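Welcome! Please take a look at the sequence and the structure below, and then let us walk through them together.

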Amino acid sequence: MGESMLLAPCTRCSAVNRIARTRLRDAPVCGRCRHALFEGHPFALGADGFDRHVGADRLPLLVDFWAPWCGPCLQMAPQFEAAARLLEPAVRLAKVDTEAEPALGSRFGIRSIPTLVLFAGGQEIARQAGAVGSAQIVQWVRLHVPPA
Ligand SMILES: [Zn+2]
């Protein structure tokens with residue numbers, strides 16, 4: 001009987017690691033560069049890495065669309081950090097700087113920031129606009145994705 005496998009792209013090199021769902025909590029590292037696959041904080045995501053991190057067989061991904069000039073975004077940043085510690089490894093958290101990555105912002109029709117978009121199974125399953133606290137982020141995500 002096969003184990004349920006997921007693909008976890010490394011956030012440092014571009015290697016895509018196969019990992020058993022049951023091993024998610026065992027501090028897995030990248031098979032190529034040995035970098036920890038889960039670091040407990042969000043990583044910066046750009047257009048080149050986006051399609052590697054969002055896919056049918058990938059871990060769910062929560063993306064914070066933000067910009068450096070946006071006050072509420074900066075206020076929410078530590079809340080998003082805290083949420084990463086609580087939500088990994090069931091969900092990975094990433095940040096898209098919409099000023100540096102305007103193509104991603106327009107691809108997903110981001111009209112206000114911060115906006116949180118949750119991807120699972122290769123598609124968007126939920127989004128919410130506006131700054132929120134870590135507890136609200138965690139509660140909202142767990143409506144859609146159960147803990148690992
Ligand atoms: Zn790696």
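With angles of 103 to 116° among the 4 donor atoms, the site of the zinc ion is tetrahedral. Four donors count as tetrahedral if all angles lie between 85 and 135 degrees. In general, the ideal angle for four tetrahedral donors is 109.5 degrees. Before we go further, please note that this is a predicted model, in which local features need pLDDT of at least 70 and side-chain atom pairs count only at pLDDT 80 or more, while totals for chains, interfaces and linings use all residues. Residues are numbered from 1 along each chain as its sequence is written, and side-chain values use heavy atoms, with hydrogens and water left out.

**The zinc site**

Which residues hold the zinc ion? It is coordinated at 2.3 Å by the SG atoms of C10, C13, C30 and C33. Donors here are N, O and S atoms within 2.8 Å of the metal (3.2 Å for Na, K and Ca); water is not among the atoms, so sites may look incomplete. Along the sequence, these donor residues follow the spacing C-x2-C-x16-C-x2-C. C13 sits in the loop between β1 (5-9) and β2 (16-20), and C30 in the loop between β2 and β3, so the pair ties together parts that are 17 residues apart in sequence. Strands (E, at least two residues) and helices (H or I, at least four) are DSSP runs, numbered from the N terminus.

The loop between β2 and β3 also holds A27 and R34. Neither is a glycine, yet A27 has a positive phi of about 50° and R34 has a positive phi of about 65°.

| Residue | State | Relative accessible area |
|---|---|---|
| C13 | buried | 16% |
| C30 | buried | 0% |
| A27 | exposed | 64% |
| R34 | exposed | 57% |

**The sheet**

Next comes an open sheet of 5 strands, in the order β3-β5-β4-β6-β7 and with mixed pairing. Two strands pair if DSSP finds at least two bridges between them. At the edges stand β3 (43-44) and β7 (123-129), each with a single partner strand, so one side of each is left without a neighbour in the sheet.

L116 of β6 stands opposite D64, and Q128 in β7 is the bridge partner of L116. A120 stands opposite Q123 in β7. β6 and β7 form a hairpin with 2 residues between them, and G121 in the turn has a positive phi of about 65°.

Is β6 mostly covered or open? It is mostly covered, as 6 of its 6 residues are buried. In a regular strand, side chains alternate between the two faces of the sheet. Here T115, V117 and F119 point one way from β6, while L116, L118 and A120 point the other way.

**The nonpolar cores**

A nonpolar core is a set of buried Ala, Val, Leu, Ile, Met, Phe, Trp, Tyr and Cys residues joined through side-chain atoms within 4.5 Å. The largest one has 18 residues, and those with the most contacts inside it are L62, L87, V91, I137 and V141. α2 (71-87), β6 (115-120) and α4 (134-144) each supply at least two residues of this core, and α2 gives the most, with 5 residues.

What does V141 touch? Leaving aside its neighbours within four places in sequence, V141 is in contact (heavy atoms within 4.5 Å) with L62, L87, V91 and L118. A second, separate core has 14 residues, including L61, V63, A94 and V96.

**Two cis peptide bonds**

Finally, look at two prolines. A cis peptide bond joins E88 and P89, with omega about 5°, and P89 lies in the loop between α2 and β5 (92-97). Another cis peptide bond joins I113 and P114, with omega about 0°; P114 is placed in the loop between α3 (102-107) and β6.

Key:
Buried means under 20% relative accessible area, exposed over 50%, partly exposed in between (1.4 Å probe, protein chains only). Four donors count as tetrahedral if all angles lie between 85 and 135 degrees; four count as square planar and six as octahedral if opposite donors are over 155 degrees apart and all others between 65 and 115; anything else is irregular.
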